[in-house]
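Me: I have a model open and would like to learn how to read its features. Could you walk me through them?

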Amino acid sequence: MLFYQKEMTTPLGPMLATVDEERLIRLDYGSASEKGELHENHIHSFIDRSPELIEKETKLLQETERQLKEYFNRERYSFSLPYKFYGTSFQKNIWEALVMEVPYGETITYKGLAESAGNRKAVRAVGGAMNKNPFSIVVPCHRVVGQNGKMTGYGGGVDKKVYLLNLETTL
């Protein structure tokens, strides 16, 4: 099975996107040299063999880049990219709840997200799911904050989280 990658330029630095023929597989902050092995290991976790990763422009990679540019230009408030979650049922439930329940420009606490997913005691597990989010920005884990709106950890760094939240809340 072939997978295609592209390093994309954003205001927050490079991002690496990996797709198959039909859907986005992973999107992370960082260059191909920094994140390529992470993408390969992620794909290997759901297929039985080592993936073949090719740097080649595809329509889906072009669309991913277009939607990211629109987002950073404040022309897009949600993403319409085909993707599939690979993770535990709890992680998938949390990621889906985040996409469905926390719109552009709004935030939710880890506790609030745990409650909306049906397990108010799973605050730490929600943090773990956010840490494993395979779709930076597209699945907006930057919108999850600590109690009283406190900025807490973010896979791309708290500075990127602050940037994204400011992007979404200022005109």
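Predicted model: local features only at pLDDT ≥ 70, side-chain atom pairs only at ≥ 80, totals over all residues.

Reply: Gladly. Let's begin with the labels: helices (H or I, at least four residues) and strands (E, at least two) are DSSP runs, numbered from the N terminus.

Me: What is the phi of Asn148, and is Asn148 buried or exposed?

Reply: Asn148 is not a glycine, yet has a positive phi of about 60 degrees. Exposed means over 50% relative accessible area, and Asn148 is exposed because its value is 81%.

Me: How should I think about a nonpolar core, and which residues have the most contacts inside the largest one here?

Reply: The general idea is that in soluble globular proteins, nonpolar side chains tend to be buried together. Here the largest nonpolar core has 40 residues, and Leu113, Met130 and Ile137 have the most contacts inside it. Among the elements that each supply at least two residues of this core are strand E1 (2–10), strand E2 (13–19), helix H3 (89–101) and helix H6 (158–169). Helix H2 gives the most, with five residues.

Me: What does Leu113 touch, leaving out residues up to four places away in sequence?

Reply: Leu113 touches Ile94, Ala97, Leu98, Ile108, Val126, Met130 and Val144.

Me: How do I read a pocket, and how much space lies in the largest one?

Reply: Rolling a probe the size of a water molecule over the atoms shows where empty space is left. In this model, the largest pocket holds about 190 Å³ of space. Its lining has 13 residues, with Asp28, Asn131, Ser136, Gly155 and Gly156 nearest the centre. Strand E3 (24–29), helix H1 (32–44) and helix H5 (123–131) are the elements that give two or more residues to this lining; E3 gives the most, with three. By class, the lining has five nonpolar, five polar and three charged residues.

Me: Which residue does the UniProt annotation "active site" cover?

Reply: In the unreviewed UniProt entry, that annotation covers Cys141. Cys141 lies in the loop between H5 and E6 and is buried, with a relative accessible area of 9%. Beyond four places away in sequence, Cys141 touches Leu98, Met130, Asn133, Tyr154 and Lys161.

Conventions: Residues numbered from 1 in each chain as written. Heavy atoms only, no water. 1 Å grid on protein atoms, 1.4 Å probe; cavity = no way out; pocket = protein on both sides within 12 Å on 5 of 7 lines; lining within 4 Å. Points joined across faces, edges and corners; volume = space filled by probe spheres on them. Nonpolar A, V, L, I, M, F, W, Y, C, P; charged D, E, K, R; others polar. Core = buried A, V, L, I, M, F, W, Y, C linked by side-chain atoms within 4.5 Å. Buried < 20%, exposed > 50% of the residue type's maximum accessible area, 1.4 Å probe, protein only. Contact = heavy atoms within 4.5 Å. UniProt positions renumbered as here; feature names shortened; annotations may be inferred.
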